[in-house]
Amino acid sequence: MKEHSLWHPVMAANGLTDAPLAVTLLEQELVLWRDATGLAHAWGDQCPHRGAKLSLGRVCAGRLECPYHGWQFEAGGQCVHVPAVPSFVPPASHAARTHAVVEAYGLIWVQLLPDAVVPLPAFAAETDAQLRKVLCGPYDVATSAPRIVENFLDMAHFGFVHEGWLGMREATSIDDYRVEPTPTGLLATQCRAWQPQSNVHSTATAHVEYTYEVVAPYTAVLTKVPDAASVALQGFRESIALFICPTTPETSRVWFRLAMADFDSPDNKLQDFQHTIFMQDKPVLESQRPRRLPLDVRAEVHTTADKASSAYRRFLKQETITFGVC
Ligand code: FES
Ligand code: CO
């Protein structure tokens, strides 16, 4: 499967208003803009006339206007007005390069190459009315998307990178957990850890259980398995999605989508906890070499604690994913 036919998140949906914005996806420069009906569009950020960046232009009456000679393009990409020759009716060749766009999970998603078979990555908690949704990010990280997915699946770093938060040095041993391949990646269950501060609300060290699911090559979802006490109290539940925009093979833009049974805390309280955790991960992630994930099993060494990561590498290899891996 080609990365260009996958759906990738490129920006927060509420960040796109009445001005065009430039983003990068898979080394391609794109312009994002909204038409008069509020629909988002993603085009190559290059005017077909003389190659100026359309993202430097503006939106006029629901059309995108190029900054250089003022050509106007309607929502479908067709040029409909050339100010220097007002009577000219531009032919079909006078059009911007368009890509498919959808809005989901608080983000704008783009598919560079059309492929109707490729679904948007699933995040079931999004439609659970009992869970409140908050977006965290973006974080620009100097490493490949697969390294970030692996870090998200990895519990053996909790006692070191997240000491006093998600782990502690007195309890670093990883209980055996289960991993099974799925059509979209993998499912890891019975993932358990002793955590001093497992979430924004915890007040004491808790034994927590998670499931991790890779739902697309660069998307993973963590779901906390409620313990008996929290089920009885209808207590805290959470599910967190990791969404990654592969900007280049060695740089990424990251968001977390929090789905939590908490409608009282302000957004920034929930975001601050996630921010603290990810700021602990980021320097380690950016230190890893090579930045591209090695898929040759002999390139790095492994233990049984790494079996989720090994399954993820097998999945990428079988999908022949090539961007951000080596
Ligand atoms: Fe865009 Fe000329 S370069 S209108
Ligand atoms: Co971490």
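Which residues does Glu126 touch, not counting residues up to four places away in sequence? Select Glu126 and display its surroundings: Tyr105, Lys133 and Arg257 are the residues in contact, where contact means heavy atoms within 4.5 Å. Before going on, note that this is a predicted model in which local features need pLDDT of at least 70 and side-chain atom pairs count only at pLDDT 80 or more, while totals for chains, interfaces and linings use all residues. Residues are numbered from 1 along each chain as its sequence is written, chains are lettered from A and ligands numbered from 1 in the order in which they are written, and side-chain values use heavy atoms, with hydrogens and water left out.

Staying with Glu126, its side chain and that of Arg257 are joined by a polar contact of 2.8 Å (a pair of N or O atoms within 3.5 Å; within protein, one must be able to donate a hydrogen and the other to accept it, and residues adjacent in sequence count only if both atoms are side-chain atoms). Glu126 sits in the loop between β10 (107-111) and β11 (132-141), helices (H or I, at least four residues) and strands (E, at least two) being DSSP runs numbered from the N terminus.

Next, select the cobalt ion (ligand 2), which is coordinated by His157 (NE2), His162 (NE2) and two OD atoms of Asp281, at 2.0 to 2.5 Å. Donors here are N, O and S atoms within 2.8 Å of the metal (3.2 Å for Na, K and Ca), and because water is not among the atoms, sites may look incomplete. His157 lies in the loop between α1 (145-153) and α2 (158-161) and Asp281 in helix α4 (residues 267-287), so the pair ties together parts that are 124 residues apart in sequence. His157 is buried at 12% relative accessible area, and Asp281 is buried at 6%, where buried means under 20% relative accessible area, exposed over 50% and partly exposed in between (1.4 Å probe, protein chains only).

Now turn to the backbone. Most residues other than glycine have a negative phi, and most peptide bonds are trans. Select Gly137 and Pro138 to see a cis peptide bond with omega of about 5°, Pro138 being in strand β11. Another cis peptide bond joins Arg289 and Pro290, with omega of about -5°, and Pro290 is placed in the loop between α4 and α5 (307-319).

Finish at Leu26, whose phi is positive, near 50°, in the loop between β2 (21-25) and β3 (28-34).
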